[in-house]
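Dear colleague,

Please read it with the coordinates open.

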Amino acid sequence: MFTLNDIAVALNRPVEGDGTLQFAKAAEPGRAGPNDLALAMVPTYSEALAAGQAQAAILWEGADWQAMGLRGAVTVPRARLAMARITAVLDPGPDLAGGIIHPTAQVHSDAQIGENVSLGAYVTVGAGAKIGAGSRLAAHVSVAEGAQIGRDALIHPRVTIGARVTIGDRFTCQPGAVIGGDGFSFVTEQESGVEKARKTLGDQGAITEQPWVRIHSLGSVSIGDDVEVGANTCIDKGTVADTTVGRGTKIDNLVHIGHNNRIGEDCLICGQVGMAGGSTIGNRVVLGGQCGVNDNISIGDDVVAGGATKIFTRVASGAVILGYPAVKMDSHVASYKAIRRLPRLAEQVAELRKTVANLVQSSRHDT
Amino acid sequence: MFTLNDIAVALNRPVEGDGTLQFAKAAEPGRAGPNDLALAMVPTYSEALAAGQAQAAILWEGADWQAMGLRGAVTVPRARLAMARITAVLDPGPDLAGGIIHPTAQVHSDAQIGENVSLGAYVTVGAGAKIGAGSRLAAHVSVAEGAQIGRDALIHPRVTIGARVTIGDRFTCQPGAVIGGDGFSFVTEQESGVEKARKTLGDQGAITEQPWVRIHSLGSVSIGDDVEVGANTCIDKGTVADTTVGRGTKIDNLVHIGHNNRIGEDCLICGQVGMAGGSTIGNRVVLGGQCGVNDNISIGDDVVAGGATKIFTRVASGAVILGYPAVKMDSHVASYKAIRRLPRLAEQVAELRKTVANLVQSSRHDT
Amino acid sequence: MFTLNDIAVALNRPVEGDGTLQFAKAAEPGRAGPNDLALAMVPTYSEALAAGQAQAAILWEGADWQAMGLRGAVTVPRARLAMARITAVLDPGPDLAGGIIHPTAQVHSDAQIGENVSLGAYVTVGAGAKIGAGSRLAAHVSVAEGAQIGRDALIHPRVTIGARVTIGDRFTCQPGAVIGGDGFSFVTEQESGVEKARKTLGDQGAITEQPWVRIHSLGSVSIGDDVEVGANTCIDKGTVADTTVGRGTKIDNLVHIGHNNRIGEDCLICGQVGMAGGSTIGNRVVLGGQCGVNDNISIGDDVVAGGATKIFTRVASGAVILGYPAVKMDSHVASYKAIRRLPRLAEQVAELRKTVANLVQSSRHDT
């Protein structure tokens, strides 16, 4: 149970009406019962709010809560920011009691476990690994030899942290992520067909049958403070130096970060993005879902790529891009419109050719 | 061992020839040995059947089994439906003996385990979780606090079921799936570059350096009866209400379903599809492999999207779509053909310009 | 610690200068300390090398190591091949001591474990499974009933090997991969909307509400020698025969290989590639990141597909392709350039139409 006053404090905003109202949970406006706090931070929710049974709500700035028949309200200027603060207060968090090491956890005698660390059932921690104070690792997580995790991490079930990975403080990791698999890097004894095709943009030359030889990953993965990694996302080790993810960067589910990539700070890497390897990404870059990043290219600061953008070449700082291959968003929209008009254009050209042929014909007759 | 009669019963079709023939297994027609039942439900298999050693086969309706030298056959009108019924009979299923709780399973004292439930090695079940009668959970599965799973589930190894997830009856889940990770939802204190770019379709304005603040997931995931989820697929929790998957919907491997999506009934969501978040999908929708669905859009009933379609805006019920961005399939094919003819069109225009320039020239001479 | 002589032996190349120099590790040229071996196999690194503190380096053929102020060097003709050999020597490998079965490993009494096999904590091995001599399985790996793994496998944490999967020698598998999930194969009692749409290229006809019926996977997965599989990659079982992966093929992270696909030898399948099902791929095929392969098509030998190529129809051997839908790379580039010039082309056509209209007008006046 929480009160309207509790929420007002979290939002650092004044209570309007009765701050002592108590709630069991937050709810969408149309589904809110009489004991729920309705979250209706944009005016489009006003109808749904009227249809629900809420007695109190979080509302947009300037909303007339009394006219809506509510007994209390808090208004906010920025809906999503309010949502962040309210949900942080109401999230019960995972059932991982602080400081409890489950008896089935396998911790190497050489590992260093900080104060108040929780390890769930069947967790394994390798030789020389360090886990910072206050960190919580859920069931089936494995931390390999020499890995270092900072303070106050929250690592959900069956995440794999590879050998010699280093991670900053306040790391959050969703289930099934793999930090520190081996890089996908192979070479043939002689030049391969794909190497020739890349050089010539298409011609592979004579094909030679030859096996792929692995280039091992001597580097690892290095992750800054306040990073989040999504479910079943994979971040590969670097070849010589580490693959890096900068402070504050958030990575969504099923993302593939190949070896030797270097990602800046405060980036958002959305679901199913893939980065081949060896590329550099600036700060505050946003890659929409299913974007692809070619190997060994550079993407500047503050780039925003729309969903499914495939980036083959370098991108200047601040560019907003879209498409396969990626171009500036307005070019993409222009091209796309032109393609939609293309059948009409082709008709016009066919017509013109007839008319002009007739003109040529008659001008010859004239002569 | 099974007989031709067994299969005829499963198919609800008459046996032709000797129903007592016994088989060790089903096989493709060209590879079938004398003790195998050949599966040759379309006429294109007749040659392969002749090359194999099968003495009996499942054949297409009207096939002349005697002319093929077989000793027995069952004919079927719909090949894939027959395949479903035959394979259901012959599938030995996983080695999870009914009603056995492995001694290493960690079940919270508050959890409710139904009758005849099997839990494999190293399974964990949290406080308040409920698992319906007859359900089977393989090794390394974790079920978090408050999750509810219906009757007769088959959950393959190391699936993660998050806190407060609710799942209907007859749930099938392939290895490594994550049901109920946290949603990928972040906000900055002030308006961010990406928000500005979305509003203006490209212009980010001045860039301000600011960290992302998490919006927590208070909702969970709610899944209907008869749903299947593929290997390493991820379905995120909702922000306030649950992310939902309707009855009968089947989801393939490595699919990403972000927070607040609402998927209808009897849909097919193929491999590596990604749904950003907050979108609604109708009933009987088919999304081909690698499709992408933008956030906060609506897709009607009976939509069919071809492979790798990227859906940025709402789609009307019954539409058949393709492309990046998605358009009706026939428009896509028309555009695509026009693009292939574009270099020729450009040549024609260049020619026309010359001819017309000459005409203009000579018409001036005339005057 | 290793010496320059050790590396020269691994590379089968002569030492230049002092072969007894000792190193703690290899490093990128610009970051190399005095006890590091700098890896600078291409001339572009010469500046970085000068900036670092390395006393010895691996260099490109013909490099003047003395002029660079080094005390020793080995030169190599093919940089990436040298990288493969050096990294193989220096990789410490995972901390899985040979021949140790962790006391928590659950091995079925019917399973056959070869000599010198290592099983990590919480590994499970099912009835009738066979694991070849010298293989190492890390923590949380599960091997289901009847699966067979060859000699000298290295299987990283929490890989799932399904029932009756067969794998050759020297298998390498990154964390979280799922080999042998069930195929995604469903059918409706009557013809479904999607079947109609595929036949008519768009028209679904009348929609009938009907549930999907599973086609079970009786086949399994069969993998040749020297195959590698990436983190969280999924390879599904076949319907009747096995899904197959040929000798020497390397598969990256988060790849989806649906049921009944047949992949040849020495292929490279890059990150997030998806193959729907029932397709055949030749030998030495390279599919770039995020490529998609439609169901039931054939791709010849030595095909190279650029990143995010979506392959809907058969591809002849040796083709180098790109695009959605896939076309030959030079056609794609031509189309793409033409699209960029399309707005200009449309302007030219508009201009022509005016000019020609005037010509027509004046030719009428003339008459």
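Aromatic pairs and the A–B interface

Over all chains of this predicted model, the count of aromatic pairs comes to twelve. In one of them, Phe184(C) and Phe186(C) have ring centres 5.1 Å apart and planes at 75 degrees, so the pair is edge-to-face; both Phe184(C) and Phe186(C) are buried. In another, the centres of Phe312(C) and Tyr324(C) lie 5.8 Å apart with the planes at 15 degrees, and the pair is therefore stacked. This pair links distant parts of the chain, twelve residues apart, with Phe312(C) in the loop between strands E37 and E38 of chain C and Tyr324(C) in the loop between E38 and strand E39. Phe312(C) is partly exposed, at 26% relative accessibility, whereas Tyr324(C), with a relative accessible area of 16%, is buried. Tyr122(A), Tyr122(B) and Tyr122(C) form one aromatic cluster.

Turning to chains A and B, the contact takes 75 residues from chain A and 81 residues from chain B, and the area buried between them is about 5,900 Å², with 63% given by carbon and sulfur atoms. Arg78(A), Tyr122(A) and Arg158(A) supply 11% of the area that chain A buries against chain B, more than any other three residues. Between the two chains there are three salt bridges, and Arg78(A) meets Glu195(B) in a salt bridge at 2.7 Å, N to O. The count of residue pairs in polar contact between chain A and chain B is 35.

Note on methods
Residues are numbered from 1 along each chain as its sequence is written. Chains are lettered from A and ligands numbered from 1 in the order in which they are written. This is a predicted model: local features need pLDDT of at least 70, side-chain atom pairs count only at pLDDT 80 or more; totals for chains, interfaces and linings use all residues. Side-chain values use heavy atoms; hydrogens and water are left out. Rings of Phe, Tyr and Trp (its six-membered ring) pair if their centres lie within 6.5 Å; planes under 30 degrees apart count as stacked, over 60 as edge-to-face and the rest as tilted. Buried means under 20% relative accessible area, exposed over 50%, partly exposed in between (1.4 Å probe, protein chains only). Helices (H or I, at least four residues) and strands (E, at least two) are DSSP runs, numbered from the N terminus. Contact means heavy atoms within 4.5 Å. Buried area is the accessible area (1.4 Å probe) that two parts lose on being put together, summed over both. A salt bridge is a side-chain nitrogen of Lys or Arg within 4 Å of a carboxyl oxygen of Asp or Glu. A polar contact is a pair of N or O atoms within 3.5 Å; within protein, one must be able to donate a hydrogen and the other to accept it, and residues adjacent in sequence count only if both atoms are side-chain atoms.
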